[in-house]
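Me: I am new to this structure and would like to learn how to read its features one at a time. Could you give me the general idea first and then the case at hand?

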Amino acid sequence: MATEKPFDAVIIGSGIGGLATGIILAQLHHRVAVIERNALPGGLMRSYTRNGVDCPVGVHYFGAYGEGQPLRRMFDYLGVTGAVSAERMGQDGPIDRYLFDDFAFDLPEGMDAFAEALETAFPEDRRPILALLGNLRTVAHLQNSLSFLSSEAIPFPEMDLFLPLATYLTKLNCSARMRSVLSVASRWMGLSEQDCPAIYHHLALTSYLLSAWRLRGRGSDLADAFISRFEGLGGSLLCNDPAAAILLEGREVAGVRLASGRAIKASRVVAAVHPKTVLAMLPEGAVKPRQARRIQSLAETEGLFAASVAVDARTHPALPHNIYRLRSDGEGGIPDGVFHQLRAGGEGKNLLMMITRSPFSDWRRWEDTTTGRRGADYQAEKIRRAEGLLGKAEEIFGSLAGAKIVDTYTPLTVRDWVNSPCGSPYGIMRSVHQLPAAAAIHRASPGGLFFAGQNALAPGILGTVLGSFQAVRQMIGNDRFASVLEGLLKGPGR
């Protein structure tokens, strides 16, 4: 592949954020290359097969994908919808079932259904529910109109939405049980209710209330859809040769040097990787010391431990909803919980996926090791934790005799795969107190350096893809981006 001719843009990282950015730019007739450190592109979109069972890593379910909804419109614009096979959840029951020690709550699809479910479960909270639903509907309107991509100021009617979720719910005077139910959505982004801005919580929750989906078939099919589209538009995908340095000429980006020593020239570089990783790629002095310290001090969202378990499909058929087993602190906080998804497998087996929080500190003794070379004690610790989750899962699913743990992953696995410093699949913490520091990654950049991926705007598929469109808007300017936004709002065939 000839790469001597300069590219219009080089993108570091081939996750959904990097590939979405590449597709948008390629559709605008830019010559684009995407650099991937691993042999296989796709980042956390990619799944893997163990014992005949497909095990997803980063994509378990996603929201706002119904026809005309925000994520669907973005996928339509990217030209990948036809290659993505997904099934809608919550059609004949809940999307999620929350199991607490002393009560349960089913999360339905639809704003009206959600309001009814809250009123039935918490009749004493009618006034807080009314106020909450008013704000959720406002946020849903902003989300549906793609106002976050407009150059115009976004009209937020409630400044309370920028408070921590816990403070916001206190001001609404919600009961402890209702607070517990509402706090679950903050955990989808790796944030506690004390850290999560209410606006982020509302954006996440409304996206799933609009509609919730999960992939059919292999998880890697999503990665393959993005890769195929990018390469079909003439994009160049350079794998198994990590970006080692971002090249500058004066204060402007000039390209990227790969680990092999190969120089890829470009007038713009898009970093769809962790900002701390980007900082290490820049020459000394490229970022002012104060800004560099702010980036280095950014706290990470906590890591996860996940276990993939093959179960007998006859005794444990796939469930159309997810189950959360949660522990409340009695005041509305959720210190602990486990996510369960029982999905179709193959050859008489289904997949039980179990995910729970696991800070990087739990695994620090193996910090200086690499995947596949961590030793027997590391493997034993993973199996011990997986068996513990499996034992507790029997309280929900009944006997799991014959179940087989086919794989596990830890924060170290994620760190080594996507180069996230502390192995967080959600990246930097976008807490109320850290939002100003997180914004510093954009202000501190040399000319021609832009950020995409979940660290640029928000985590999750919707937040990450929105971040890709936002990065392109910053690159090409509001006037040229107006045609992109028009295409998004019209949609195909409109």
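Reply: Let us begin with the elements: helices (H or I, at least four residues) and strands (E, at least two) are DSSP runs, numbered from the N terminus. The model is a predicted one, in which local features need pLDDT of at least 70 and side-chain atom pairs count only at pLDDT 80 or more, while totals for chains, interfaces and linings use all residues. Residues are numbered from 1 along each chain as its sequence is written, and side-chain values use heavy atoms, with hydrogens and water left out.

Me: What is the relative accessible area of Asp-160?

Reply: Buried means under 20% relative accessible area, exposed over 50%, and partly exposed in between, with a 1.4 Å probe and protein chains only. Asp-160 has 22% and is partly exposed.

Me: How many residues does the largest nonpolar core have?

Reply: A nonpolar core is a set of buried Ala, Val, Leu, Ile, Met, Phe, Trp, Tyr and Cys residues joined through side-chain atoms within 4.5 Å. The largest one here has 66 residues, and those with the most contacts inside it are Tyr-98, Phe-114, Leu-118, Leu-132, Leu-133 and Trp-188. Helix α7 (residues 198-210) gives the largest share of this core, 8 residues. There is also a second, separate core of 53 residues, which includes Val-34, Leu-71, Phe-230 and Ile-461.

Me: At what angle do helix α3 and helix α4 pack?

Reply: Axes are lines fitted to C-alpha atoms, for helices over the stretch in contact, and angles run from 0 to 180 degrees between N-to-C directions. Helix α3 (residues 111-121) and helix α4 (residues 126-144) pack at about 160°, and their axes are 10 Å apart. Angles under 35 degrees count as roughly parallel, over 145 as roughly antiparallel, 65 to 115 as roughly perpendicular and the rest as oblique. The two helices α3 and α4 are therefore roughly antiparallel to each other. Their contact is made by residues including Phe-114 and Leu-118 of α3 and Leu-132 and Leu-133 of α4.

Me: How near do the axes of helix α2 and helix α15 come?

Reply: The axes of helix α2 (residues 70-78) and helix α15 (residues 478-490) come within 8 Å and cross at roughly 120°, which makes α2 oblique to α15. On the α2 side the contact is made by Arg-73, Met-74 and Tyr-77, and on the α15 side by Val-484, Gly-487, Leu-488 and Leu-489.

Me: Which value of phi does His-29 have?

Reply: Most residues other than glycine have a negative phi. His-29 is not a glycine, yet has a positive phi of about 70°. The residue His-29 sits in the loop between α1 (16-27) and β2 (32-36) and is exposed, with a relative accessible area of 74%. Asn-419 also has a positive phi, near 60°, and is found in the loop between α12 (411-418) and α13 (435-443). At 27% relative accessibility, Asn-419 counts as partly exposed.

Definitions and conventions. Contact means heavy atoms within 4.5 Å.
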